[in-house]
Amino acid sequence: MEKFLLIYEKFLKVLTKLVGVIAGALVMYCAFSIVWEVIARGLLNAPTEWVMEISTYCILIAGFLGMGVAYAGKKHIHVDIFVSQMSPKMLTYVEVFTSLLGIFYSYIFTVYSWDMAMLSLELNNCAPTTLGTPLWIPQMSMPLGFGVLLLQLVRTLLEDIIKIKNNDFTRDFEKEVSK
């Protein structure tokens, strides 16, 4: 199982990095398009029709794609006051429970958001805007983002199961909290 976990972690690291780069590029594109809108509106007196819609989609997509990236980088929210009081063994068991809970909810969100995006594609739903963006495009960010988060939660669960199996509860969590 440990060998599988190493291969899984390598694959997930590449996938997470790719998704993170895409999310970052979308935020940058959003920023540049808003700057362009300000210049076009203020200096050229020629406002654009597309910036508001596209920047909204970019931020939305970047947010969903960034969920797994934030979790992998341990940038998610946790309650330090409780976690810092737990022993490494207890913390591992709590992480197993929260990982299982997260896997359950992430799986549900992934499946249902996939169904929603596929239904929009099948029905050819488009945004009622000037651009008429096919809605399945921004909607696909939900199953992709929740899917990466799901894979990250499975990684955490597998790591914790190995710790329990090996009775190895050493943890450098205190270092992570103090960063």
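## Salt bridges and ring pairs in a predicted model

Glutamate 159 and arginine 155 sit four residues apart in helix α6 (residues 141–166), which means that about one helical turn separates them. Their side chains meet in a salt bridge, with 3.2 Å from N to O. Welcome to this predicted model! A search of the whole structure finds three salt bridges and four aromatic pairs, and the points below walk you through several of them.

**How confident is the prediction?**

- The protein has an average pLDDT of 89, and 95% of the residues reach a score of at least 70.
- Among the elements, helix α5 (residues 136–139) has the highest mean pLDDT, at 96.
- The lowest mean, 43, belongs to helix α7 (residues 173–178).
- Take care with residues 172–179, where pLDDT stays under 50; for this stretch the model has five contacts beyond four places in sequence.

- Let's return to the pair we began with: is arginine 155 buried or exposed? Arginine 155 counts as buried, because its relative accessibility is 12% and the cut-off for buried is under 20%.
- Lysine 163 is partly exposed, at 21% relative accessible area, whereas aspartate 160 is buried, at 1%.

- Which residue forms a salt bridge with glutamate 37? The partner is arginine 41, and the closest N and O atoms lie 2.6 Å apart.
- Both residues belong to helix α1 (residues 2–42), where being four residues apart puts about one helical turn between them.
- Glutamate 37 counts as buried, with a relative accessibility of 11%.

- To describe a pair of aromatic rings, we use the distance of the centres and the angle of the planes.
- The search of the whole structure gives four aromatic pairs. In one of them, phenylalanine 4 and tyrosine 8 have ring centres 5.7 Å apart and planes at 20 degrees, so this pair is stacked.
- Phenylalanine 4 and tyrosine 8 both lie in helix α1, four residues apart, or about one turn of the helix.
- Phenylalanine 4 is partly exposed, with a relative accessible area of 49%, while tyrosine 8 is buried, at 12%.

**A ring pair between two helices**

- The rings of phenylalanine 64 and phenylalanine 146 have centres 6.1 Å apart and planes at 50 degrees, so the pair is tilted.
- Phenylalanine 64 lies in helix α2 (residues 51–72) and phenylalanine 146 in helix α6, so the pair ties together parts that are 82 residues apart in sequence.
- Phenylalanine 64 and phenylalanine 146 are both buried.

Conventions:
Residues numbered from 1 in each chain as written. Predicted model: local features only at pLDDT ≥ 70, side-chain atom pairs only at ≥ 80, totals over all residues. Heavy atoms only, no water. pLDDT = per-residue confidence, 0-100. Contact = heavy atoms within 4.5 Å. Salt bridge = Lys/Arg side-chain N within 4 Å of Asp/Glu carboxyl O. Buried < 20%, exposed > 50% of the residue type's maximum accessible area, 1.4 Å probe, protein only. Phe/Tyr/Trp six-rings, centres within 6.5 Å; stacked < 30°, edge-to-face > 60°.
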